[in-house]
Amino acid sequence: LVTVYAAWRYIEQRADELVKDDLDGQKRAIAGRFAGWAMGWGNGMRVEASYITAHDSLTPMQLADRWRTLMESYWPIISIQLADESGNEVALLREDSTLLLRESFLGSVDGPSLLTRLDVPLDTLVPRTRLDTSENDPRTQEWFGQALRNRHVDPVWSGSPVTGLLTIAQLIRPKSDSASFRVLAFTIDPLRMGTGLLGRSGNTTMRGSGVFPSGSMLSTGAIGHDTVAARAMSAWAAAPSETTFELGVGSRYRCVIRPHTVNGCTVHIGAAIDLAVLDGLMIPARHITMAG
């Protein structure tokens, strides 16, 4: 009986090691995918900044036509904004399945921004342009101040613990001394980073210098159930930890969520595994132990 018990304990320990190895492998794969996306966003930012620098006379509609292609190519980008030191801004925003062109003037001191729906035909009765319901001053945003303070060529990253969104911004220096500085910004939603990736920890308060719970990704492997990802993020948010955990009593899912830093901004990357799949792999070993 002692031998059988020892063999059974060894199988359980081996199963636990397999779970940890699988979760670590999933997390590394997601981290690699995120790094690839981050490089793509940075390259797109540099191209756009160079183009804007070379064409100072672009109209808001010309910018929107150019940015539409960029937003269709990068689904996680939910807004592109170009603002200057006076509080003027041109922005292309996603609103459900439509795109909105937002024009703000002098930090909205004389009134709210103008919103124009780009997908409405000119001959329709639906109004294409309306006033925004709130004022907008881009100079009050964190990304604007960070970009102005940045002395490097590379863009700067920031994260919002409230919305769970990431922002990448770059300072565009004028070609002449009479022109004003401008800042180009991409706002990115981690929830849009492809299938099998889900979760944001924006409702979680993290302690520590330079740690922003700005966005998270959770992979559920081959299962891909959004409910599993949502439950895992909720359970982790209640008690943040880097150790593995299960989704409640009697749960069949083992999860792990850990911080991952890219370009000075920290996101939380997670993975989950269905223990039922592992049980199927361990059945032969358990049967042999019982027979022995």
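**Reading a sheet and its helices**

Mentor: This model is predicted. Strand β3 (residues 98–104) pairs with strand β4 (residues 114–117) in the antiparallel sense, over 4 bridges.

Trainee: What is the bridge partner of Arg 102 in β4?

Mentor: First the general idea. Strands of a sheet pair through backbone hydrogen bonds, either parallel or antiparallel. Here, Arg 102 has Leu 115 of β4 as its bridge partner.

Trainee: In what order do the 8 strands form the sheet?

Mentor: Read across: β5-β4-β3-β2-β1-β8-β7-β6. The sheet is open, and its pairing is antiparallel.

Trainee: Which strands stand at the edges?

Mentor: β5 (129–131) and β6 (156–159) do. Each has a single partner strand, so one side of each lacks a neighbour in the sheet. From one strand to the next, the twist averages 20°.

Trainee: Which strands does helix α2 lie across?

Mentor: Helix α2 (residues 60–73) lies across β1 (77–84), β2 (89–95), β3 and β8 (182–188). Its angle to β2 is about 40°.

Trainee: And where does helix α3 lie?

Mentor: Helix α3 (residues 142–149) lies across β1, β2, β6, β7 (166–172) and β8. Helix α3 runs at about 155° to β6.

Trainee: Now one residue. Is Thr 167 buried or exposed?

Mentor: Buried means under 20% relative accessible area. Thr 167 has 10%, so Thr 167 is buried. Thr 167 sits in strand β7.

Trainee: Which residues does Thr 167 touch?

Mentor: Leave out residues up to four places away in sequence. Thr 167 then touches Trp 143, Val 156, Trp 157, Ser 158, Ala 185, Phe 186 and Thr 187.

How values were computed
Residues are numbered from 1 along each chain as its sequence is written. This is a predicted model: local features need pLDDT of at least 70, side-chain atom pairs count only at pLDDT 80 or more; totals for chains, interfaces and linings use all residues. Side-chain values use heavy atoms; hydrogens and water are left out. Two strands pair if DSSP finds at least two bridges between them. Helices (H or I, at least four residues) and strands (E, at least two) are DSSP runs, numbered from the N terminus. Axes are lines fitted to C-alpha atoms, for helices over the stretch in contact, and angles run from 0 to 180 degrees between N-to-C directions. Contact means heavy atoms within 4.5 Å. Buried means under 20% relative accessible area, exposed over 50%, partly exposed in between (1.4 Å probe, protein chains only).
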